[in-house]
Amino acid sequence: MKSILPALLLSTFIAAPIATADETVLAGGCFWCMESDFEKLEGVTDVVSGFTGGTVPNPTYNGNHKGHYEAVKITFDESKVSYREILDHYWVNIDPFDARGQFCDKGPSYLSAVFVANDEERAIAQDTKNAVKAQFPNQTVVTPILDSSTFYPIKGDEIGHQDFYKKSPVRYKLYRWNCGRDQRLEEIWGEKAAGKS
């Protein structure tokens, strides 16, 4: 009996589902909009707004965030959505040709970027970027692929930025419409824009 028990425990362990959550950080302009666009994607379990890419410690929205991008940390279940699918969704939710920011938001903190944690992610990110370049041969894709760095989530008095589209839906919709985000996305991506496909 003693020899059977370890085998049963081992087979139970092997048959048990293994957690497959993974994370990535993406910058695509206003983190309110990125949060909204990614929380709608099946397999995404969490989206957190914050800053990354700069050297200033503990950046804040109303304070010093020089050198940082507004970004989101996306947690996803790889058994439901792959890293490549996350990136495919990313590209059709940004303007990859805007070197000054995203939509109505201009300036360094609103630039788009893909942050990668390792060579495998870099290869997949580059492959998806190459696909965008091939689709638009007469335009320059300016979105860089960068090494990941410390991600600073929005916190403290600025926590209102997290889930802003849920907390203030009317203000969020007015901002998004007035910023021209969806209009520009549809102009670039057609039916693929904003999850229409």
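Is the crossing of H2 and H3 right-handed or left-handed? The crossing is right-handed. A crossing counts as right-handed if the near helix is turned clockwise from the far one by less than a right angle, and left-handed if anticlockwise.

## Basis of the report

This is a predicted model, in which local features need pLDDT of at least 70, side-chain atom pairs count only at pLDDT 80 or more, and totals for chains, interfaces and linings use all residues. Residues are numbered from 1 along each chain as its sequence is written, and side-chain values use heavy atoms, with hydrogens and water left out.

## Overall make-up

The protein has seven helices and eight strands. Both are DSSP runs numbered from the N terminus: helices are H or I with at least four residues, strands are E with at least two. Of the 197 residues, 45% count as buried. Buried means under 20% relative accessible area, exposed means over 50%, and partly exposed lies in between (1.4 Å probe, protein chains only).

Take the contacts in the protein with a separation of 6 or more: residues 24 or more positions apart account for 74% of them. Contact means heavy atoms within 4.5 Å.

## The H2 and H3 pair

Two packed helices are described by the angle between their axes and the distance between the axes. Helix H2 spans residues 31-39 and helix H3 residues 83-91. Their axes come within 11 Å and cross at roughly 130 degrees. Axes are lines fitted to C-alpha atoms, for helices over the stretch in contact, and angles run from 0 to 180 degrees between N-to-C directions. H2 and H3 are therefore oblique to each other. Angles under 35 degrees count as roughly parallel, over 145 as roughly antiparallel, 65 to 115 as roughly perpendicular, and the rest as oblique.

Met-34, Asp-37 and Phe-38 make the contact from H2. Ile-86, His-89 and Tyr-90 make it from H3. By class, the contact has four nonpolar, one polar and one charged residues. Ala, Val, Leu, Ile, Met, Phe, Trp, Tyr, Cys and Pro count as nonpolar, Asp, Glu, Lys and Arg as charged, and the others, Gly among them, as polar.

## Asp-37

Asp-37 is found in helix H2. Its relative accessibility is 6%, so Asp-37 counts as buried. Leaving aside neighbours within four places in sequence, Asp-37 is in contact with His-89, Asn-93, Arg-176 and Arg-181. A network of salt bridges links Asp-37, Arg-176 and Asp-182.

## Salt bridges

The whole structure has 10 salt bridges. Each is a side-chain nitrogen of Lys or Arg within 4 Å of a carboxyl oxygen of Asp or Glu. Glu-39 and Lys-166 form one of them, at 3.1 Å, N to O. This pair links distant parts of the chain: Glu-39 is in helix H2 and Lys-166 in helix H5 (residues 164-167), 127 residues apart. Glu-39 is partly exposed, at 22% relative accessibility.

Asp-147 and Arg-122 meet at 2.3 Å, N to O. Asp-147 lies in strand E7 (residues 145-147) and Arg-122 in helix H4 (residues 119-135), so the bridge ties together parts 25 residues apart in sequence. Asp-147 is exposed at 56%, and Arg-122 is partly exposed at 28%. Lys-106 and Asp-98 also pair, at 2.4 Å, N to O. Lys-106 is partly exposed at 34%, whereas Asp-98 is buried at 11%.

## Glu-191

Glu-191 is found in the segment after helix H7 (181-189). At 56% relative accessibility, Glu-191 counts as exposed. Glu-191 and Val-92 are 99 residues apart in sequence and 9.7 Å apart in space, C-alpha to C-alpha.
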